[in-house]
Amino acid sequence: MRDVAIIGVGLTKFGELWDKSFRQLIAEAGSKAILDSGIGGKEIDAMYIGSMSSGRFIGQEHVGALVADASGFSHRHIPATRVEGACASGGLAVREGFLSIASGMNDIVVVGGIEKMSDVAGATATETLIMAADQEWEAFFGVTFPGLYAMIAMKHMRDYGTTKEQLAQVAVKNHANGALNPYAQYQREITLEQAINAAPVAYPLGLLDCSPVTDGAASIVLCAADKAKKYTDKPVKILGSGQASDTLALHARRDICTLDSTVYAAKMAYKQANMTPKDVDLAEVHDCFTIAEICAIEDLGFVKKGEGGGAIEKKITTLDGSLPVNTSGGLKSKGHPVGATGVAQMVEITQQLRGEAGKRQVKDANIGLAHNVGGSGATCVIHILEAI
Amino acid sequence: MKDIGIVSYGANIPRMRIKIEDIASVWGKNGKAVSKGLGINEKSVPSVDQDTATISVEAARAALQRCKVNPKDIGAIYIGSESHPYAVKPTGTIVGEAIGATPDLMVADYEFACKAGTAGIQTCTALVKGDFIKYGLAIGADTAQAAPGDALEFSASAGGAAYIIGKEDVIATINHTYSFTTDTPDFWRRAERKYPSHGGRFTGAPAYFKHVTSCAKNLMEIVGTKPEDYNYAIFHQPNGKFPIKAAKLLGFTMDQIKQGLVVPFIGNTYSGASLVGLASVLDVAKPGDKVFLTSYGSGAGSDGFDITVTGKIKDLAREKAPTIAQMIENKEYIDYGKYAKITDLLFWE
């Protein structure tokens, strides 16, 4: 298997982008990544696009070819494939691109992730997102994602003594990081009081425990590692790539407080990278809700099960903590254009490892981890990166 | 040529009120938070016998009571509303007949969401300027609809204001008017639908704020003025937050906008909103005062006006009709049950 490196990254501003279309967003992110990488269009062997539900959000399917077309490559007839795994679509697209280079089939692959969510009303967005849960056994009964994650939070609070204040501290931290990210949807800090007293959504989750509806796109250029130095002085190598699945329905799990897909994908990625959680300097984790970040740092092995809330309280995961988590602002503050999120996490880790993260730069960052989840944990994809 | 502008004005606000907290409690919401979030304490509610026609007639009569204009000299009536009582049959003819302005009269009903009243003022100003008519009557009035449980239910209210436009005894000259218009579908009501639909947060930045601030900036550039040149500024007020934010974005102060900001006390009177605000300003204005008005109508557009109050305002018998402040105070609270009954929420076939 060949080594694979990231040689270019691109991101659009995240937010309610009323005046930008789906194709404008992906073309912007893709062209930024291509320019950043220094490759020529003729060198692209394939494209992989992560998008969760373009059909429901903008009435457009078949977006693999659309993205190649919108990027100006229709005349080159590049193989372009759309990958779907709910909110993990972006991470899965990265993994498919990685596998296609690792296999020797391709040398240079452009990966994109995108979602244009604000063209539909809030209720339609919620209905669309719940299709990532089990329609027959969950959604038909009226549950929404805030409801599912609230159940996880309730059990976490009961079993491990996690508090609503600790949940709120995740949001406060991520907003503090997002305030330093010029691409974030919410570039402002919030107070603990605001987070605790925000309008209730599904107890114990309030409005500020939930990631928003967002428009945005992200892109990275992947290259066979032995050829990466030809294009950039700062390639970032993908040391490990892990993916795992689990039951679609939350109630069918062994333990609803543990995302086994994260545990298994992490095991796969750590093994491939020949690393342990202790080797990781910073991580972007899938904080679609504040409780999800607490579960993530446990399931990734950064802290023991049940100690995630305490770790937040001890400020281990703040920007100047021993393991900064979600330096970009995370899904909570940076925004969560579902199909783009997994790719955007790779952009953040790459920028951190290159030392290009500006005010939110983590000192001496060598190893970074990106953790992208689909649904309530039926899919998880994890990548471990290193600056070379 | 003599200056053209406002010769007289009048307004009408139904006296029934419902508190925003009372509506919120029906829907299980935190009333204080909703009220604070919207910047609205209570809203006016039309009774069963009040509609856009009656509000328009009351406002027009108030305007006539204050001045010496003979209704027979009114050559045009334009009424802007989203709640004309008839889909086909003009409100303007009812008002024309009621005030004695028929039959030598141009009439048409206007609709441009919340800015059709100011569009009527523009039309009347042009007709007076072209010497087609001696006086024109422009009215913005609404009994606004909102689906039960919709966010609009906290603000949609009833009221209106009437303006007689002419070039004799002008109390406030309309120095310039400018409109900023695009096709922006932020709020709409399809034919034969009882309640309007809206694009949620899309009604903010790309709709209200873009049009209001663009219109205001462009108008000030055309007439060569700055925010500090005005004594008063009125912006369309769908809630208490938007006009304050728009004012701040443009560089106007709270002192300039508070007299014309009536939405906290009566809600959003839609086509009446900015014109009731202007009436509130004219209730206290002195000769020489400069007034800046920017309306907004979803769909979308803004009409801007650069206005100067003249010495003639001293001769207007303002006391012959109630002021906006008096109408705000003249109120009777109702609960949600009565509100539901009189606003036809309990409609069945």
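The close-ups below all come from a predicted model.

**View 1. A cis proline sits in a loop of chain B.** B:Pro103 belongs to the loop between α4 (91–99) and β5 (106–110) of chain B. The peptide bond that leads from B:Thr102 into B:Pro103 is cis, and its omega is near 5 degrees. Chain B has another cis bond to look for, running from B:Gly299 to B:Ala300 with omega near 10 degrees. Here B:Ala300 is part of strand β13 (residues 299–309) of chain B.

**View 2. Strand β7 of chain A is covered on both faces.** Take a moment with β7 (residues 215–224) of chain A, where 10 of its 10 residues are buried. On one side you will find A:Asp215, A:Ala217, A:Ser219, A:Val221 and A:Cys223, and on the other A:Gly216, A:Ala218, A:Ile220, A:Leu222 and A:Ala224. Strand β1 (residues 4–11) of chain A pairs with β7(A) in the antiparallel sense, over seven bridges. Within that part of the picture, A:Gly10 stands opposite A:Ser219. Strand β4 (residues 108–116) of chain A also pairs with β7(A) in the antiparallel sense, over nine bridges. There, A:Ile114 has A:Ala217 as its bridge partner.

**View 3. Two helices of chain A cross.** Helix α7 (residues 164–178) and helix α11 (residues 290–299) of chain A pack at about 95 degrees, with their axes 8 Å apart. At that angle, α7(A) is roughly perpendicular to α11(A). The contact includes five nonpolar residues, one polar and one charged. From α7(A) come A:Leu167, A:Val170 and A:Ala171, which meet A:Thr290, A:Ile291, A:Glu293 and A:Ile294 of α11(A).

**View 4. Chain B holds a sheet of three strands.** This open sheet runs in the order β3-β2-β14 (chain B), and its pairing is mixed. β3 (42–45) and β14 (332–333) of chain B are at the edges, each with a single partner strand, so one side of each has no neighbour in the sheet. Strand β2 (residues 16–19) of chain B joins β3(B) in the antiparallel sense over four bridges. To find your way along that pair, look for B:Met16, which stands opposite B:Val45.

View 5. A:Ser245 is found in β8 (residues 236–245) of chain A. Leaving aside residues up to four places away in sequence, A:Ser245 touches A:Ser261, A:Ala378 and A:Thr379. A:Ser245 is partly exposed, with 16 other C-beta atoms within 10 Å.

**View 6. Two loop residues of chain A have positive phi.** A:His77, in the loop between α3 (63–70) and β3 (80–83) of chain A, has a phi of about 55 degrees although it is not a glycine. A:His77 is exposed, with 9 other C-beta atoms within 10 Å. A:Lys315, in the loop between α12 (308–313) and α13 (330–334) of chain A, has a phi near 65 degrees. A:Lys315 is partly exposed, with 13 other C-beta atoms within 10 Å.

Terms used
Residues numbered from 1 in each chain as written. Chains lettered and ligands numbered in written order. Predicted model: local features only at pLDDT ≥ 70, side-chain atom pairs only at ≥ 80, totals over all residues. Axes fitted to C-alpha atoms, helices over the stretch in contact; angles between N-to-C directions. Parallel < 35°, antiparallel > 145°, perpendicular 65-115°, else oblique. Contact = placed C-beta atoms within 7 Å. Nonpolar A, V, L, I, M, F, W, Y, C, P; charged D, E, K, R; others polar. Buried ≥ 20, exposed ≤ 12 C-beta atoms within 10 Å, placed from the backbone. Pairing = 2+ DSSP bridges.
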